[in-house]
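Student: I would like to go through this model by question and answer, beginning with the strands.

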Amino acid sequence: MPHFLRCFTIFLYLSKVTGVAEVVEPHAWEKLTPENICDLADIQVKLQELVPLTSKALVALETEDGAGSGVIISPDGLILSAAHVIGRTGVEMDVRLLDGSRAKAVSLGGSEISDAGMLQIQGEGPWPHAEIAEMKSSNVGDWCFGLGHPGGFDMERGMVVRIGRIIKKQDETMQTDSRLLGGDSGGPLFSFDGRVIAIHSRISKEPDQNFHVPIESFHANWDFFRNQDLLTFEEIEQGGFLGVACEESNQGLIIRSVLPDTPAESAGFLENDIILKIDNQAVRNREKLTILISTKKPEDEVIIEYQRDKSVATLKLKLGSRFE
Amino acid sequence: MNNLMVVNLIFKITLFFLIVWGTRRMSADSNQSSYLPEPFRLNGITTQDAFGQGKVRALNSTVRLLRNNKLIALGTLISPKGYVITKASSCVGARKATLQNGSTFSLKIRKRFEDIDLALYELIADKNTFACVEWTDDNLTLPVSWVFSSFIELEEIRVGIASGNPRTIGREGGVMGVMLGQDGKAVGGVEINEVVPQAAGDRAGLLAKDLILSIDGRRVFTKEQLGKLVSSKDPGDMINLEVSRKNKQRKIKVTLGHSSVTFELFNRNLQMSGPVSKRKDNFPLILQHDLPLPKEGMGGPLFNLEGKCIGINIARVDRVTTFALPTKTLLPYLKDWLPDAQNILPERITENDTEADL
């Protein structure tokens, strides 16, 4: 880390000497760490500017079993939330907007792997909404802030804002040190450019290592979630089974291990093979692979396009069952 | 010539570093399996250090209150003479106080303000140069802002955000710790479905299926009636029940408990929160924030970004919620104990002005 700083100093110095490059001083929230109270004040001012703009899209969800949060991300009332908040598809829920006004929403789909969930508000828009971030636009170390209704909607208290940084981002989860409590679940985590980068999911025993669904999970499986499909662990257990453990990369899903006595092994898959497509649908996301495989039944056939070394090949195989 | 070569060399080195930096960043993007190092986190040491002099002042103006050499609460130095305020219900039996520099003093209680759960102590010392807090009430009108407090060892601070509306926290009545079932005239009273283990009703000997007939001599036929009567009492109060068990009537005395403590076992949020303050209700005005302080961390000062004291931490509510009594609420109680009261009280804080700006 100190290398970066040293390098940066040299670069600044250089630009003074030669005038070849224009260096823009980074914002306080883009630095490795806030250095003094001026930086902290900049962060505070930015936060005070962003909260009114983003919080109007925050909703509290009232279900039979409890309370959760969510965020509206389109004028026609699509809500992102957590799978464990919506429970299953087609459930009607009460929505409370920031000012306390009520609306109805129906749960669409989601996935219990990442805990992503979607709902649709019933009724005429346009609804106040927030922008969502692009794929891979957030990184470890980024400052972020969470909004939510911990413990449920409370008019007197209002919503609650908490600040933190992304401390880990891997596969289907993002971890931050922004604090969470039950009832925050499904609420949005925003970047310092005011976009939704994740959805609150689970708390950890340590108050500063909480879990969120990264927005990437929604992007990768948007149509599945939106079309009222909810992948549960039960479905995964009963659905089709391939038998590989993968890691996401820019090229596709790299197979890290092939489990013995599985369809993947019989088909001859090897470590470091890269899965590109399943039934002609591109897969770059582990959750998407699980969704595509588990929503099929054991004995169903799939066509897998993969890359080994430099060459791309296609094969057809019959899925197995998780318990054989 | 020579100069040009140096510039050229620097340029090349810079490019090299930039490329190395760039590729390291890219590889970090594609495989982000490592954690952000602790020092750079929200409560990491580099973030704490950015608070600068405010951090130093916070650590100097907070004291640790001890009973049998065990920390029971923090306190706030409000005067160079060594007057300290703290959370009254946390510091019962406090004998000694230690400061950040390790010096230890005996304590003398001077006053208790039970209504706002505040106690005032004096550090016994021939000294009137204690570092004390500087007050402001700016934060009542400032939404979403940095706050920080000393952590319990007085070596670090904890930082976070004040958010949620400043508000009154109502009184939380006593509870028996029972789940109610059937009720009504036909039933003849209110039936108990379940008794919370270790709670007030359990200790008094109430059992599931007991039918509550009356409370303090008043017949009850609905859960609502019963709830109203019980919650009109305070935790610690005793009530007299008449119950029917297997068609035999008996009298049972129940000493009521705190609802927050009683139902802790049933509340996953509280289970995950660790110990919370016993008294966290009945305050005229609070600021809410999210500093990760244990319940022994209550009673100390809460600061804004400028290092001015905006209140004292008065209740740990759950893992993300702490209440602080704001300066505006505190100062009218402390007038006689503050140094040069006239100078230090900001003009706008007067007794006639208790509702302004809210």
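Tutor: One definition comes first: two strands count as paired if DSSP finds at least two bridges between them. The model is a predicted one.

Student: Over how many bridges do strand β8 and strand β9 of chain A pair?
Tutor: Strand β8 of chain A covers residues 160-170, and strand β9 of chain A covers residues 173-176. Ile166(A) stands opposite Thr176(A) in β9(A). The pairing is antiparallel and runs over four bridges.

Student: Which closed arrangement contains these strands, and in what order do its strands run?
Tutor: In chain A, six strands form a closed barrel with antiparallel pairing. Direction ignored, neighbouring strands of this sheet are turned by 45 degrees against each other on average. The order is β7-β8-β9-β12-β11-β10.

Student: Which helix of chain A lies across β7, β8 and β10, and at what angle to β7(A)?
Tutor: The strands β7 and β10 of chain A are residues 143-148 and 188-191. The helix across them and β8 is α2 of chain A, residues 37-55. Its angle to β7(A) is about 40 degrees.

Student: Which helix of chain A gives the most to the side of domain 2 that touches domain 3?
Tutor: The domain assignment places domain 2 of chain A at 33-230 and domain 3 of chain A at 232-321. Across this boundary, 12 residues of domain 2 of chain A are in contact with 10 residues of domain 3 of chain A. On the domain 2 side, the most comes from residues 215-220 of chain A, with three residues, and this is helix α4.

Student: What is the phi of Lys136(A)?
Tutor: Lys136(A) is in the loop between β6 and β7 of chain A, and is partly exposed, with 15 other C-beta atoms within 10 Å. Although Lys136(A) is not a glycine, its phi is positive, at about 55 degrees.

Student: What is the omega of the peptide bond from Gly125(A) to Pro126(A)?
Tutor: Most peptide bonds are trans. Pro126(A) is found in the loop between β6 and β7 of chain A. The bond from Gly125(A) to Pro126(A) is cis, with omega near -5 degrees.

Student: Why is helix α8 of chain B largely enclosed by the rest of the structure?
Tutor: Helix α8 of chain B covers residues 327-334. Its buried residues, including Leu330(B), Leu331(B) and Leu334(B), pack against β3, β18, β20 and β21 of chain B. The helix is largely enclosed because the buried residues number six of the eight.

Notes: Residues are numbered from 1 along each chain as its sequence is written. Chains are lettered from A and ligands numbered from 1 in the order in which they are written. This is a predicted model: local features need pLDDT of at least 70, side-chain atom pairs count only at pLDDT 80 or more; totals for chains, interfaces and linings use all residues. Domain bounds come from an automatic or database domain assignment. Two residues are in contact if their C-beta atoms, placed from the backbone, lie within 7 Å. Helices (H or I, at least four residues) and strands (E, at least two) are DSSP runs, numbered from the N terminus. Axes are lines fitted to C-alpha atoms, for helices over the stretch in contact, and angles run from 0 to 180 degrees between N-to-C directions. A residue is buried if 20 or more other C-beta atoms lie within 10 Å of its own, exposed if 12 or fewer, and partly exposed in between; C-beta atoms are placed from the backbone.
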